[in-house]
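Keep the view open as you read.

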Amino acid sequence: HMLPHSDVNKTETFQYFTPKFIFSIAKEVPHFTHLTLLYLCFVALLLKVQSIDLIKSKSEQNRMEHHTDLYQSEDFIIRRGQTFQMWITLSRPFNPSTDKLHLNLKIGSVPTVSKGTHIIIPLVDELRDDRWEAAVVKQDDKKIKLSVNSLPTAVIGRYQLTVQTNCPNGQAVSTHEPANDIYILFNPWCEDDSVFMDSEDERKEYVLNDVGTIYYGTSQQIGQRTWNYGQFDEGILAACLFVLEKSGTPPSGWGDPVNVARIISAMVNSVDDHGVLEGNWSGNYSAGTSPTFWSGSVEILKEYHKYIGSPIKYGQCWVFAGVVTTVLRCLGIPCRTVTNFSSAHDTDVSLTTDVYLDENLDPLDHLNTDSVWNFHVWNDCWMARPDLPPGMGGWQAVDATPQETSQGTFCCGPASLMAIRNGQVYLKHDSAFVFAEVNSDKIYWQRNTDGTFSQIHSEKKIMGHFISTKAVGSNERNDITHLYKHPEGTEEERIAVESACRYGTKAEAYSSPTAEDVSIEVTMDGIGPQMGGDANLTISLKNSSSEARTVVLHSQVAVMYYTGVHKSTVRKDKTDVAILPSESNLEYEDYKDQLVDQAALMLTLSGRVKETQQVLATQFSFRLRTPDLNIKPIGKAMVGEKMAVEISFTNPLPRVLKGVMIHVEGLGLLTARTISCGDIGSRASVSMTEHFIPSLPGPRKLLASLDCKQLTQVHGVADITVQDKSNGFFSSGGHALKCVPDKMAVI
């Protein structure tokens, strides 16, 4: 009767049992026993959560920094791989020496730690990258502010949050409040996320732009219509997560964008899983809405969510594609809508578009199941492909229009555009089908008197014209045909087609080489080229026949991210080679402005032997070596006594390194710190001295790394053995680098 209100539940009641309140009860309530008094005092000393503030307003720090302020929702929406802030109000001030606290995040019906669907976030003194951790950054009486680190590989979706506290008097777990659920999305701004996209202009277009253009018509008459993607509209994020849940796939797989894109490709059509849209090409739309009536995705997704997964009528290819763009952008995967003019539909995995004629050259309609669409619309989405060979990351084709099954389900992709372009149709997922859409030959077959068929004609430039998407930052049409195929009629394009068709059901449509007696191999001397120098690779062509052989050889060198995502082509050559070993030289000027973090490059070779028509193809990945940071310990390493290290570094590039930063740390030696070293001139050497006082004895490592826009992945380490003051022996050694400007000399 003394509580502020009488309708509170048992858990909430305990927060009012402070020691002062308990003693006031003891004075007024007859027969108040000592045992009861002790029990209530014990409860009062428990550490309990009274409230959680996720700082989730659209205008506050979390959502602004996570680029989620455009979502028209008051929910807490963040992106994985970044830190976020939160306040927790406790029943009493937090004592770090005796109190413990951790956060629990759970997603799915059976959250499991080993599957990443139950995340336990411990409280630590200092946050580290690549792990779930929380640290107290501010304390105000009973309130503590936490900074929380998330993994860049975390499962995306809606998590339930609870807080568990522990103290000498026992433990308590906060009640789950739906208002405190955390929505975690993919993060194209995070370099460690597999959907990372390094261009801010492209992120604005392919993630943040909620209006776009879809192209239709014919290659001679290209039309366009504006489409409202509306990925930030109120209720759309909830609808998109509902689509994921409706798929029945386990949440443990929702951290992989390859898997998520494939799920969405299946779920946006309704054929075998009661997905979002029912397709209709009959011309009769009286039972629903005509596909041409839709002008955006918002109404479709909201209706699907509202009616608990009842498919919306009706859609055709551009509607399916528009909805896919909305869903993937909403979840944080960069995506664009793509139109292919003269688009083939290959029904028998032949990788050709086949026309069958009888003995009189009349069409055999019952066999002519392949077709050519005036236009077809699908999607490209951006991600790394660690499941494929290097170089296959970047844009991936995804098609939600139900045309053919893939592994028993009506879905398509993601298929690497690089694989499609080069005819590597054996790489997953569904690259053969997309290849046929954009680059299949149209082949005419005539029936013979014995019932067999013979090829009588082929057309090689029919499919895949003016492949179009909206340009970045403008309303212009961007032709991306070159990303899907080599220029029509070139040797490279023919090699891609013939290589692809070897994996089809009609490989006989292309003549086999009369001999396969030439082999190709790429080698590199020693440990590879140094950053700033030229890269020399040896291309060896071996002729095992007794006759002369000539190869038309195409070579291309491309810069890649370490995830295998293609960044840009820096060198292309075409050479007629009489079979002799040859050497390819890549000069610094070719690659200097294109390199990214790991300085990785790939040489792609393809060619044809003129005399036998044998096709040659290979790829060779290599990396440019970066220089070391050299660290030389100076003086005796003793606990509590000042010592120094000399750090030296030579710029290997014929250009100035601007805004050089050095990070140095060593457990038991010195705490992590970052030093600004300014600019370092072309080919210049610098030397600097850093002083510190070791705090722990034993073998220690001093680590250093250098970073600037022009040069990354420069680091070093020095081994230092620190002695206690009671011991006189000491040793040190090692090599690495570190920059700390107590003293700096330019050599």
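**Inside the cavity**

Keep in mind that this is a predicted model. Among the residues that line its largest cavity, three are nonpolar, four polar and four charged. That cavity holds about 70 Å³ of space, and the structure has two cavities of 30 Å³ or more. To find the largest one, look for its lining: E205, Y206, V211, G212, T213, Y229, R329, R336, T337, T469 and K470. Strand 11 has the largest share, with three residues.

Now for the charged pairs. The structure holds 20 salt bridges, and two residues from the cavity lining, E205 and K470, form one of them, with their closest N and O atoms 2.9 Å apart. This pair links distant parts of the chain, since E205 sits in helix 5 and K470 in strand 22, 265 residues away. Both E205 and K470 are buried.

R336, also in the lining, has a salt bridge to D380, at 3.1 Å between the closest N and O atoms. R336 belongs to strand 15 and D380 to strand 17 (residues 371-383), so the bridge ties together parts 44 residues apart in sequence. Here too, R336 and D380 are both buried.

What about R158 and D181? Their side chains meet in a salt bridge at 2.7 Å, N to O. R158 is partly exposed, with a relative accessible area of 39%, whereas D181 is buried, at 5%.

Definitions and conventions: Residues are numbered from 1 along each chain as its sequence is written. This is a predicted model: local features need pLDDT of at least 70, side-chain atom pairs count only at pLDDT 80 or more; totals for chains, interfaces and linings use all residues. Side-chain values use heavy atoms; hydrogens and water are left out. On a 1 Å grid over the protein atoms alone, a cavity is a set of points where a 1.4 Å probe fits but cannot get out, and a pocket is an open set with protein on both sides within 12 Å along at least five of seven lines; lining residues have an atom within 4 Å of a point. Grid points are joined across faces, edges and corners, and a volume is the space filled by probe spheres set on the points. Helices (H or I, at least four residues) and strands (E, at least two) are DSSP runs, numbered from the N terminus. Ala, Val, Leu, Ile, Met, Phe, Trp, Tyr, Cys and Pro count as nonpolar, Asp, Glu, Lys and Arg as charged, and the others, Gly among them, as polar. A salt bridge is a side-chain nitrogen of Lys or Arg within 4 Å of a carboxyl oxygen of Asp or Glu. Buried means under 20% relative accessible area, exposed over 50%, partly exposed in between (1.4 Å probe, protein chains only).
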